[in-house]
Amino acid sequence: MRDLDLLVSGCDPFDAARDASRLPALNRAGDVSGLDALARLWTGRVPDRVHDAVTANAALRDLGFVLASLERHGVDYRTVPCAEETLLKLGALAEEVPRDSVYTYALRNPRDAVRSFTGLPEEALFIREVRTAGIALRPAVDALLETLTLPVDDPALAELLAEATRGFTVFAQSLLSVKRTITPETFSFEMRPYFPPMTVGGQVLYAPGGAQMTPLLVDILLIRPEPGEPQEDWYEQYLVENLLYLPAAYRAASDRARRHRPLLPRLVDEAARHRSHGPEVQRNLAELRSLMREVLRFRLPHLQLAKANMNVRPDGSLGSGGYTTDSLDHLADLTLERHRLLSEEPAAGRAQR
């Protein structure tokens, strides 16, 4: 993923860096004609300049900014000739969802020629922190993938869990930076309107949002509900709605992860079956507790932030991912429930599945 994100962030098939700098001014002025002209210019360059997954992802990034801007100003993006069929072709070539995503918005956004809807310093910080958070979780995901078949007393487990914890620590810090710096009013009324849902190929696709980010994969690896648990049906539907926004490599990782039990309940059960809890088991469970503390340090402030944003919006508003805060309540409850398993006496155990 790191190589792909770097390649895409350095790719500019439309020569868009020059024109993209005009986008915030066009948006401030509500200049629909200027946005339409820019969208037509870039769409027209796709056939000659886009030929592989890297250029397709860069094209999705830049078209995403201008087409979402049109939607924000009340113009159906499909009034741009060939825009919809172009998005579908780009999505197929990139093997990703055929519109902008949190990955194109932040991780694949060039550092030296940042694409932005508003030009606000708050949006610049938001892009930086989402990028930082996403980069930090790459090694965390890699480490957790390596734990899928390791037993609770394996000496390698502790360092892999520590690696995941380090990544989540940075992730949580990035969220806290956003929470401290961007007010609910600025996010809700200045930035959020540029994250509209868009219908592509008959399917409603949601804008860049938290549900698309890498914690989705961490949850799948670490704490997802198991068969017969109360939140299983809700969570499976949540995955159906959000896995499609992950990059292809992460979707493949999700498929692999779901062939195994989630890590936390598996390790707790294995520890309960050990007659004696030697130093490796104790160390591994301690590292797992540290990781869960960092997951909670992200999840609970994220819930608070989302509710603060919703409180300043009209009743019935949805987040950019198409959800109310109910989904975050479910995720927080799941995380707290899994964390409580670790505070129980391992010898008490749970029924083996």
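# A chat about buried charges, salt bridges and a pocket

Student: Which side chain of opposite charge is nearest to Asp154, and how far away is it?

Tutor: This is a predicted model. In it, Asp154 is buried but has no salt bridge. The nearest side chain of opposite charge belongs to Arg266, 9.0 Å away.

Student: Where does Asp154 lie?

Tutor: Asp154 lies in the loop between α8 and α9. Helix α9 covers residues 157-181.

Student: What is Asp154 in contact with, leaving aside neighbours within four places in sequence?

Tutor: Glu280 and Asn284.

Student: Back to Arg266. Which residue does the Arg266 side chain meet in a salt bridge?

Tutor: Glu270. The N to O distance is 2.8 Å. Both Arg266 and Glu270 are buried.

Student: How many residues apart are they in the helix?

Tutor: Arg266 and Glu270 are 4 residues apart in helix α14, residues 263-273. That separates them by about one helical turn.

Student: How many salt bridges does the structure hold?

Tutor: It holds 21. One of them pairs Asp219 with Arg299. Their closest N and O atoms are 2.9 Å apart.

Student: Which helices do Asp219 and Arg299 lie in?

Tutor: Asp219 lies in helix α11, and Arg299 in helix α15, residues 279-311. The pair therefore ties together parts that are 80 residues apart in sequence.

Student: Are those two buried or exposed?

Tutor: Asp219 counts as buried, at 4% relative accessibility. Arg299 also counts as buried, at 7%. The cut-off for buried is under 20%.

Student: Which residue forms a salt bridge with Arg297?

Tutor: Glu294 does, with the closest N and O atoms 2.9 Å apart. Arg297 and Glu294 are 3 residues apart in helix α15, so about one helical turn separates them.

Student: How accessible is each one?

Tutor: Arg297 is partly exposed, with a relative accessible area of 30%. Glu294 counts as buried, at 14% relative accessibility.

Student: Tell me about Asp5. Where is it found, and is it buried or exposed?

Tutor: Asp5 is in helix α1. Asp5 is buried, with a relative accessible area of 2%. Leaving aside neighbours within four places in sequence, Asp5 is in contact with Leu107, Arg108 and Arg138.

Student: New topic. What volume does the largest pocket have?

Tutor: About 180 Å³. Of the 13 residues that line the largest pocket, the closest to its centre are Leu6, Ser9, Leu107, Arg111 and Arg131.

Student: Which helix gives the most to that lining?

Tutor: Helix α1, with 4 residues. Helices α1 (2-9) and α8 (121-146) each supply at least two residues of the lining.

Student: How do the lining residues divide by type?

Tutor: There are 4 nonpolar, 3 polar and 6 charged.

Student: Now Val178. Where is its place?

Tutor: Val178 is in helix α9. Val178 is buried, with a relative accessible area of 9%.

Student: What is Val178 in contact with, once neighbours within four places in sequence are left aside?

Tutor: Leu125, Phe126, Glu129 and Leu305.

Student: What separates the C-alpha atoms of Val178 and Phe117?

Tutor: They are separated by 17 Å. The two residues are 61 residues apart along the chain.

Note on methods:
Residues numbered from 1 in each chain as written. Predicted model: local features only at pLDDT ≥ 70, side-chain atom pairs only at ≥ 80, totals over all residues. Heavy atoms only, no water. 1 Å grid on protein atoms, 1.4 Å probe; cavity = no way out; pocket = protein on both sides within 12 Å on 5 of 7 lines; lining within 4 Å. Points joined across faces, edges and corners; volume = space filled by probe spheres on them. Nonpolar A, V, L, I, M, F, W, Y, C, P; charged D, E, K, R; others polar. Buried < 20%, exposed > 50% of the residue type's maximum accessible area, 1.4 Å probe, protein only. Lys, Arg positive; Asp, Glu negative; His and termini not counted. Salt bridge = Lys/Arg side-chain N within 4 Å of Asp/Glu carboxyl O. Contact = heavy atoms within 4.5 Å.
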